[in-house]
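Subject: Structure handover

Hi,

Here is the structure for you to look through. Please open it alongside this email.

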Amino acid sequence: MEPTASPLTTHVLDTASGLPARGLCLRLSWLEDHSQQWMELRTSYTDPDGRCPGLLMPDQMKAGTYKLTFDTEGYWRKRGQESFYPYVEVVFTITSNAQKFHVPLLLSPWSYTTYRGS
C-alpha cells in the first residue's frame with residue numbers, strides 16, 4: 001500500500017552508473033520564520049528507484065523556505081568511490097501549499113545538478 005501522495009518529492013539519479021541512487025540518506029528541514037534557525041522535519045533514505053516517498057504530508061505543507069540535504073559522501077563511500085562534495089544542500093521556497101514540488105538531483109562523484117521538476 002502506497003503512502004498518501006506527498007506534495008514534495010525528490011528523485012536522485014546516479015549519473016555515473018546510470019541508475020537510481022538507492023539508499024542515499026537525506027534530511028528535510030524548514031527555516032523557522034522568527035528564529036531563522038533550521039528545524040529538521042524528517043530524515044529518510046531513497047528507495048530502490050531513487051525516490052523518497054512520503055517526504056512531506058499534505059497537512060505539513062506550509063509556505064516558507066525548505067532545505068533538502070543529501071549525504072553524498074556517505075552514498076559514494078558505501079560504493080567505494082571517492083567524491084568531491086560531502087553533501088548537497090538544495091534550498092527552495094514554497095509559496096503555495098496547493099502546489100506540488102519535485103526536486104530531482106542528478107549526481108556523480110564530481111558534480112551535481114538540480115532543478116524544479118514536475
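First, the ground rules. This is a predicted model: local features need pLDDT of at least 70, side-chain atom pairs count only at pLDDT 80 or more, and totals for chains, interfaces and linings use all residues. Residues are numbered from 1 along each chain as its sequence is written, and side-chain values use heavy atoms, with hydrogens and water left out.

**Annotated sites**

An unreviewed UniProt entry puts the feature "binding site" at His11, Arg51 and Tyr115. UniProt positions are given in the numbering used here, feature names are shortened, and annotations may be inferred rather than shown by experiment.

His11 is in strand β1. Strands are DSSP runs (E, at least two residues), numbered from the N terminus. His11 counts as buried because its relative accessibility is 14%. The classes are: buried under 20% relative accessible area, exposed over 50%, partly exposed in between (1.4 Å probe, protein chains only). The His11 side chain makes a polar contact of 3.5 Å with the side chain of Arg51. A polar contact is a pair of N or O atoms within 3.5 Å; within protein, one must be able to donate a hydrogen and the other to accept it, and residues adjacent in sequence count only if both atoms are side-chain atoms. Not counting residues up to four places away in sequence, His11 also touches others, including Asp49, His102 and Pro104. Contact means heavy atoms within 4.5 Å.

Tyr115 sits in the segment after β8 (111–114). At 44% relative accessibility, Tyr115 is partly exposed. Beyond four places in sequence, Tyr115 touches His102, Val103 and Pro104.

**Thr10**

Thr10 is also in β1 (residues 8–14). Thr10 is buried, at 1% relative accessibility. A polar atom of the Thr10 side chain lies 2.6 Å from the backbone oxygen of Val103. Leaving aside neighbours within four places in sequence, the contacts of Thr10 include Leu26, Arg51, Cys52 and Phe70.

**Sheet**

Four strands form an open sheet in the order β4-β3-β5-β6, with antiparallel pairing. Its edge strands are β4 and β6 (88–94), each pairing on one side only. Neighbouring strands here are turned by 20° against each other on average, direction ignored. (Axes are lines fitted to C-alpha atoms, and angles run from 0 to 180 degrees between N-to-C directions.) Seven bridges join β3 to the antiparallel β4. Strands pair if DSSP finds at least two bridges between them. Arg27 stands opposite Thr43 in β4.

**Gln36**

Gln36 is in the loop between β3 (25–31) and β4 (38–45). Gln36 is not a glycine, yet has a positive phi of about 55°. Most residues other than glycine have a negative phi. Gln36 is partly exposed, at 49% relative accessibility.

**Aromatic pairs**

There are four aromatic pairs in the structure. Rings of Phe, Tyr and Trp (its six-membered ring) pair if their centres lie within 6.5 Å; planes under 30 degrees apart count as stacked, over 60 as edge-to-face and the rest as tilted. Tyr66 and Phe92 are stacked, because their centres are 6.1 Å apart and their planes are at 15°. Tyr66 is in β5 (residues 64–70) and Phe92 in β6, so the pair ties together parts 26 residues apart in sequence. Both Tyr66 and Phe92 are buried.

Phe84 and Tyr85 are edge-to-face, 4.9 Å centre to centre with 80° between the planes. Phe84 is exposed at 56%, and Tyr85 is partly exposed at 30%. Ring pairs link Phe84, Tyr85 and Tyr112 into a cluster.

Best wishes
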